[in-house]
Amino acid sequence: YILYILIYIPIFVFVLLRKLIKEEGENDFQEELVIRPLHSGDIYASFQFRTLWETDFMRENKVSHYRLFPKSLGQVISKFSVRELHISFTQGYWRTMQWGQPFLPSPPGAELWVWFQDSVTDVDAAWKELTNVLSGIFCASLNFIDSTNTVQPSASFKPLGIVNETDHRFLRYATLPREIVCTENLTPWKKLLPCGSKAGLAVLLKSEKLFHSSFFSQTVHIRPVCQDRECKTTSWELRQTLNVVFDLHTSGQGKREWSLFKMFSRTLTEACPLASSSKIYIDVTDNPQEEYFELSPATPLLSQAVVLGDRRTFSVYDLTQQVTFGTVRSLNLLIRWKSTEGDMLRPLLHAERYVAGYGLQTGEIHTVMYNNHPFRSFPVLLLDSVPWYLRLYIHTLTVTSKGKDNTPSYIHYQPSKDRMRPHLLEMLVQLPPHSVTEVTVQFERALLKWTEYTPDPNHGFYVGSSVISALVPSSVAMDTNITQEQPLFSSFFPCKEESSYFVRVYTEPLLVNLPTPDFSMPYNVICLTCTVVAVGYGSLYNLLTRSFQIEEPNPRLAKKIANFIRRIRGVPLLS
Amino acid sequence: MSALLKRSCSHNMLAAIIMLIFICFCVHFQNTAGQFFSSGHTNNWAVLVCTSRFWFNYRHVANTLSVYRSVKRLGIPDSHIVLMLADDMACNHRNPKPATVFSHRNMELNVYGDDVEVDYRGYEVTVENFLRVLTGRLPPSTPRSKRLLSDDRSNILIYLTGHGGNGFLKFQDSEEISNVELADAFEQMWQKRRYNELLFIIDTCQGASMYERFYSPNIMALASSQVGEDSLSHQPDLAIGVHLMDRYTFYLLEFLEDIHPASKSNMNDLFKVCPKSQCVSTPGHRTDLFLRDPGSVLITDFFGSVRKVEITMEAIHLTDPILHPMSEEVQEKTYSYVDQLPVSEIIHQKPKQKDWHPPDGFILGLWTLILLVFFKTYGIKHLKHIF
């Protein structure tokens, strides 16, 4: 038993040492899937994956041991001194009037906004390098983000995490409305998850089904958060969300019956072993007595959460419990509609944008904002970033509500500089109750240099979505304390007061045609000019310089022989 | 004396025979071990480029993706493949089956798959980026996945497809690369010791013109058609509405599907892929710059990534981990979140102080002109009143 002592003492010492020496901090991973049946028959599924890590990226000893937090993102944070990073890739446009508000909004294309730490001296250089590194991580063309499409908002996009003070010099925002999302972006995104796509909810993420949808969006959000209610310590939160809306006719084959297998072509067999909580929430608020749709397998767990200003009820499936999977060891949720009645909760804030005008010289951008609240008015902050080749005339800017002029209480305008930076327009507008507010501004299209056109210029040029940030009055008291017990999808935007909630609405991107030259023109001109010169001048030259000589025609063979004989004879030749 | 001589002769002969047997044995041993290390490369890279844009050039993307699929299947990892696709076909809005790119009719084989990483896509596929990738002259902030980090022991496979002509290859309908530029890029690679051996495959019309001008050693080239001939496409799919693959790459894919990482097929089999009866055009190849005999070059030398493993029995000592002592300080500061839309703060926000810039040349010139005119008109004696 000397052997036993020899074995146990080192283990005991090791355990003691571990307790004395601070580890790299706790890692926590949670995963969630929220399914919300929509009134038009479509279905909205939102995946949320959150990793919490208590560590300090900014200290001198570099972090070297990564467990659940992905190393590529950790190195990005420490190398570029990033305080917050928000990146989203979206395909499709969110139809607010038919689908309601999303849990996490995102504009079509790619969007990236970053808050840097106060210690960064050259923010623009760090921004340029950061976009290049992220383009390699996500296999996207983020390296096209440069000074011509980056803006520095002065009041929008306040930090979503813990912060001491906000100086907007450290904020950068850029969108690429043209960016395509496909499997090559989903693959590295899935690799950032602790379980990858092998276990847990990420098993459902198959690209062939996800991209055959009306709306697809994948995002990554990194920010420092409070650990508990007192908020004495902070930890880093990495949130990966994936929102997808499946269409009734293309994915649902016209039948109002949805199941996990029909949506994702997979069923669930286990939770991610590294997750501390793994849950599925189905929104059953409109279906208290099961009169509209039927949910199977039935679950006794119900939970209520205040999300987007409304108290919603959810049926919960806890995947960490074996009983959820039943005897067949797999979970395939089935939602079957019985009747198609019922009306939808109309969203309180809704926005549209379009280009008016004709021709290829001038035009007008109209942004229309709808306030559907019957008696309350609320302020909205409108952020517009227009590329330099649409020259805005701000003296034609008008804001009208209900036919009357509505002066914004705050306007920040930064004019564009050709080929260097875009227009930035930020306005704080008070929307009167039950009204339509229209913002119009005229513009003129610029002529680009012929090398600046894309290989397919007749497609048009994109103008990024406008961002409308608003504090919308809520009908239910919001919870101002963000705790760990709340479901992830309801606790993203921090709440300061109980009577309103923060929401961000994106408008459509615009597609404008710029005057496009005819690229085959140089070739045609060269051919035509050379032909004219050859035919016209050539003939003239020949006429002027050609001299004619009379030439004897070649004699016939008989004549040749006769001449030859005559030469021999010495007799004069035939003519 | 003669008997002695005879004996010594026989001894000598015996010794010679024994020496000969020994040498033969050595050579045989050397051959089997030598064959293992005969190719001289230690890592494999692939640069796969599709240069065409627009939906009707679906087949070029399918060509590139089928070579990508074969190369990945045979062992080259994503970190060693630089894949450049000039347009997105899988998630194109005209694709009736999103997130798929098919190579066979009736949607038998999805070459796009579920695990694909495209390094250069869309407008990034330009002649300049392609040449920068080959020669390694990229800006310092380029991520690793977009670089060709090959060394002098790398075998590189380069595959190009798109629309081409006699001496050029069209990139994205707006620019072209000529065969002289390509040959010079390969010479730069040779002088910088960026490759050990290079296999160049091109599937375009008149593809053989692209390898006519190569002059660097250790390059083997294959093309789908000779100068003056067009490469034809294979078969359309009526559901998708476009031609799915080009003939040469279709038969190349069929040939590669039979190759596995331990296969012993060599380049002579590759030269026989797609004869004129199947391809309608005449595939060509060029091996005069290649030092080894093509019959001894394995397909997996370029398409696969066969690693040579050396087993060692030595013990390796790990260093002790860095232990950080527990910080004793307890933070008394309470953190908080920020108001997302602080209306009163925004309204009373002071305008940003604009940085003062010295006046630029135009203003200075204008003021100099005004002053000159003033003093010319009114004489120089007023100057003392100013200064």
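Contact here means heavy atoms within 4.5 Å. The views below show a predicted model, in which local features need pLDDT of at least 70 and side-chain atom pairs count only at pLDDT 80 or more, whereas totals for chains, interfaces and linings use all residues. Residues are numbered from 1 along each chain as its sequence is written, chains are lettered from A and ligands numbered from 1 in the order in which they are written, and side-chain values use heavy atoms, with hydrogens and water left out.

**View 1. The interface of chain B and chain A.** In this predicted model, 48 residues of chain B are in contact with 65 residues of chain A. About 5,100 Å² is buried between the two chains, with carbon and sulfur atoms giving 58% of that area; buried area is the accessible area (1.4 Å probe) that two parts lose on being put together, summed over both. On the side of chain B, B:Arg121, B:Tyr337 and B:Gln340 lose the most area to chain A, and together they account for 18% of what that side buries.

View 2. The side of chain B that touches chain A takes its largest share, 4 residues, from helix α9 (residues 343-347) of chain B, helices being DSSP runs of H or I with at least four residues and strands runs of E with at least two, numbered from the N terminus. Divided by type, the residues of this side are 21 nonpolar, 14 polar and 13 charged, where Ala, Val, Leu, Ile, Met, Phe, Trp, Tyr, Cys and Pro count as nonpolar, Asp, Glu, Lys and Arg as charged, and the others, Gly among them, as polar. Across the interface there are 6 salt bridges, a salt bridge being a side-chain nitrogen of Lys or Arg within 4 Å of a carboxyl oxygen of Asp or Glu. A:Lys206 and B:Asp114 meet in a salt bridge, at 3.6 Å from N to O.

**View 3. A salt bridge between a strand and a helix of chain A.** A:Arg172 pairs with A:Asp124 in a salt bridge whose closest N and O atoms are 3.1 Å apart. Because A:Arg172 lies in strand β6 (residues 171-176) and A:Asp124 in helix α4 (residues 123-138), the pair ties together parts of chain A that are 48 residues apart in sequence. A:Arg172 counts as buried, at 7% relative accessibility, while A:Asp124, at 47%, counts as partly exposed; buried means under 20% relative accessible area, exposed over 50%, and partly exposed in between (1.4 Å probe, protein chains only).

**View 4. B:Asp115 and B:Lys72.** The closest N and O atoms of the salt bridge between B:Asp115 and B:Lys72 are 3.7 Å apart. B:Asp115 lies in the loop between β2 (81-85) and β3 (120-121) of chain B and B:Lys72 in helix α2 (residues 58-73), so the pair joins parts 43 residues apart in sequence. B:Asp115 is partly exposed, with a relative accessible area of 39%, and B:Lys72 is partly exposed at 24%. Salt bridges that share partners join A:Lys191, B:Lys72, B:Asp78, B:Asp115 and B:Glu117 into one network.
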